[in-house]
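Hi everyone, thanks for coming. Let me put the structure up on the screen, and then we can walk through it together.

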Amino acid sequence: MLLRNWMLMVLLAVPALRAESVRTSDWKEKEGEIHGAVPELLVCADGRKVESTETWEKVRRPELLDLFRKYCFGYNPVGRPADLRFERDGEDTPMPDGKMLRRKARIRFSGPGGEASARVLAFLPQNAKRPLPTFVMLINRSGERKQWADETRAVKHAAWPVEQIIERGYATVCYFVQDFDPDFGDGFTNGVHGIFQPDVKKRTKADWAGLAAWAWGASRVMDWIETQPDLDRTKVAVIGWSRGGKTALWAGANDTRFAYAISNDSGCGGAKLNRMKLAKSEHISQIVKNIGYWFCGNYHDFVEREAELPFDQHQLVALIAPRLVYVGSSDKDAWAGPPAEFASAKLASPIWNLYGKKGLEGKEFPAEPFTAYLDGDVGYHLNKGPHQLNAYDWKNYLDFAAAHGW
Ligand code: GCU
């Protein structure tokens with residue numbers, strides 16, 4: 001009896017504990033509703049309110065970055081390697097269309113576990129004003145690599161529409177994420193994991209995993225961009241689709257040199273708010289079972305416990321503020337959870353407001369596809385169709401850049 005009373009008292013005293021221990025698949029909310037309380041964006045861990053950009057930058061932002069490192073993507077053991085170097089791969093090549101130049105380079109580096117290199121493939125418009133705003137595209141499909149990033153441009157793919165980008169007067173650079181880390185689970189022995197942490201036994205549950213390695217690669221591409229005088233280092237966007245979209249957000253959150261981050265259909269672990277109930281969308285249980293090596297070990301502890309995550313994805317989007325961010329969804333892409341991708345972008349907006357900028361406040365998840373919100377510093381659109389990155393997405397991403405003076 002005494003024991004029962006005691007237990008009751010504990011339960012009453014900690015109501016949050018009761019609410020949060022419900023398994024994700026047992027949530028009672030209606031489809032599209034948010035379960036429980038979304039973690040605070042504007043309240044610091046010590047209870048202080050974030051009312052100035054200073055508190056955001058000095059206290060809250062570092063706290064959130066740390067949470068995502070610790071519980072989701074993992075900590076990088078290395079920043080810019082001391083021996084990082086770049087090699088031009090041949091001369092600039094004028095392309096047959098007479099409108100652009102191709103530039104190829106190789107990024108080389110080493111660590112205690114050996115050395116590696118990654119390719120960079122860039123196209124620059126011939127006649128546009130220099131220095132050029134630049135879109136960094138993550139190529140994250142190995143089998144389709146040739147189609148996505150054909151350097152001869154004989155094969156063209158909607159996911160990386162080089163000609164469409166060049167037409168707008170921007171440069172575009174792609175890199176192959178698998179040059180930094182192959183996209184399969186091998187216990188973190190290959191790619192940059194093996195190079196910088198050769199002793200896997202020393203790995204902890206908070207060490208970097210796959211997506212963090214690819215985002216680290218984006219920063220090395222940025223290092224290369226900074227050595228190219230005809231590219232405008234102050235106007236560099238990082239864009240990715242799906243697993244690449246998750247990576248682009250993490251790259252933008254970590255590396256403030258990216259002035260614009262674009263997530264296209266990034267879904268679970270990307271822009272999708274974990275606490276929104278969307279039965280057909282991907283959950284942590286599925287993503288860690290199928291592709292657990294994208295995330296650090298601690299993330300795996302949140303299977304069926306989404307409501308207990310110490311963060312949610314609106315905070316990931318917010319880490320990009322006050323720079324430009326854009327979240328694109330597609331209406332038939334239920335797996336990525338479009339309403340939850342929108343929710344993160346909207347819930348992140350108060351940070352832009354702190355800077356006197358406009359986010360998605362006042363906007364609702366679009367009732368119809370082909371709706372785009374381009375008038376603030378947080379962009380959003382709903383494309384029509386399945387999981388894809390196509391000309392409609394790119395048109396909006398480029399329009400958004402142009403609307404911001406790129
Ligand atoms: C899988 C995975 C998604 C991911 C996608 C992709 O579907 O479950 O999380 O976004 O692959 O990268 O194409």
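Look at Glu282 to begin with: one of its polar side-chain atoms is 2.5 Å from an oxygen atom of the ligand. In this predicted model, local features need pLDDT of at least 70 and side-chain atom pairs count only at pLDDT 80 or more, while totals for chains, interfaces and linings use all residues. Residues are numbered from 1 along each chain as its sequence is written, and side-chain values use heavy atoms, with hydrogens and water left out.

Back to the ligand. Arg243 also has a polar side-chain atom 2.6 Å from a ligand oxygen, and for Trp335 the corresponding distance to an oxygen atom of the ligand is 3.0 Å. The protein covers 85% of the 320 Å² of accessible area that the ligand has on its own (Shrake-Rupley method, 1.4 Å probe).

Who else is around the ligand? The residues there include Arg141, Ser242, Lys246 and His387. Helix H9 (243–254) and helix H10 (284–291) each give at least two residues to this shell; helices here are DSSP runs of H or I, at least four residues, numbered from the N terminus.

Now, please turn to Asp150, in the loop between helix H4 (145–148) and helix H5 (162–167). Is Asp150 buried or exposed? Asp150 counts as buried because its relative accessibility is 2%, and buried means under 20% relative accessible area, with a 1.4 Å probe and protein chains only. The side chain of Asp150 also reaches the backbone nitrogen of Val155 at 2.7 Å.

How values were computed. A residue is near a molecule or strand if one of its heavy atoms lies within 4 Å of it. A polar contact is a pair of N or O atoms within 3.5 Å; within protein, one must be able to donate a hydrogen and the other to accept it, and residues adjacent in sequence count only if both atoms are side-chain atoms. Buried means under 20% relative accessible area, exposed over 50%, partly exposed in between (1.4 Å probe, protein chains only).
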